[in-house]
Amino acid sequence: LLSRSQTAVQATLEPLNFALRAIASKRLEAAIDWCRRYHFTIDDSSMSIQCDERPAVLGSLSGASTSYTNRQGTSYSVTVRPGEDHAVFTFTGQYATQITTYRFTDTELQVTKEIHNENLEVPLRMQISYARTQAASP
């Protein structure tokens, strides 16, 4: 996973001029944050995603924006676009936008993350697949 992350960062940095590469490299490497496990809940009006033991991200299924603050204290506006076999969470922050697509199949969860910034000619894009398991019953 580390080498895939480094390859994705290098592909994003390649079109940038030398001065921007050094600054962008550290920020992009820090922005790649994968989870060991995801937990999803959905009801009539919202969907939440919990990554490992972090606070859950709650999104409105109506398309209304919600707010999420990460462990570092950075706040994001969050919108959710649900689909038949996927959900797209868009996190908009002060400096960048991350679009995370969660695609569900019978056997796996595919997570695709794209980080967009006005200074990046090519967005940072990575994908990882997880084996799908059912949550234990209470």
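**Disulfide, hairpins and aromatic rings**

Author: Let's start with the sulfurs: Cys-35 and Cys-51 are joined by a disulfide, S to S 1.7 Å. Bear in mind that this is a predicted model.

Reader: Which parts of the chain does that pair link?

Author: The two cysteines are 16 residues apart and link distant parts of the chain. Cys-35 is in the loop between α2 (18-31) and β1, while Cys-51 belongs to strand β2. So the parts asked for are the α2-β1 loop and strand β2.

Reader: And what is the handedness of the disulfide?

Author: Look at the torsion about the S-S bond of Cys-35 and Cys-51, which is about -105°. That value makes the disulfide left-handed.

Reader: Is Cys-51 buried or exposed?

Author: The cut-off for buried is under 20% relative accessible area. Cys-51 comes in at 10%, so the call is buried.

Reader: Why is strand β2 largely enclosed by the rest of the structure?

Author: Strand β2 covers residues 46-51. The strand is largely enclosed because, of its six residues, the number buried is five.

Reader: How many bridges join β1 to β2?

Author: Strand β1 (residues 38-42) runs antiparallel to β2, and the two make a hairpin with three residues between them. One of the pairings puts Thr-41 with Ser-48 as its bridge partner in β2. The number of bridges between β1 and β2 is five.

Reader: Over on the β3 side, which residue in the turn has a positive phi?

Author: β2 also pairs with strand β3 (residues 57-60), again antiparallel, over four bridges, and Ser-46 stands opposite Ser-60 there. This hairpin has five residues between its strands. The turn residue with the positive phi, about 50°, is Asp-52.

Reader: What is the angle between the planes of Tyr-76 and Phe-91?

Author: Phe-91 is buried, with a relative accessible area of 11%. The ring centres of Tyr-76 and Phe-91 are 6.4 Å apart, and the pair is edge-to-face because the planes are at 90°.

Technical notes. Residues numbered from 1 in each chain as written. Predicted model: local features only at pLDDT ≥ 70, side-chain atom pairs only at ≥ 80, totals over all residues. Heavy atoms only, no water. Buried < 20%, exposed > 50% of the residue type's maximum accessible area, 1.4 Å probe, protein only. Pairing = 2+ DSSP bridges. Disulfide = S-S within 2.5 Å. Phe/Tyr/Trp six-rings, centres within 6.5 Å; stacked < 30°, edge-to-face > 60°.
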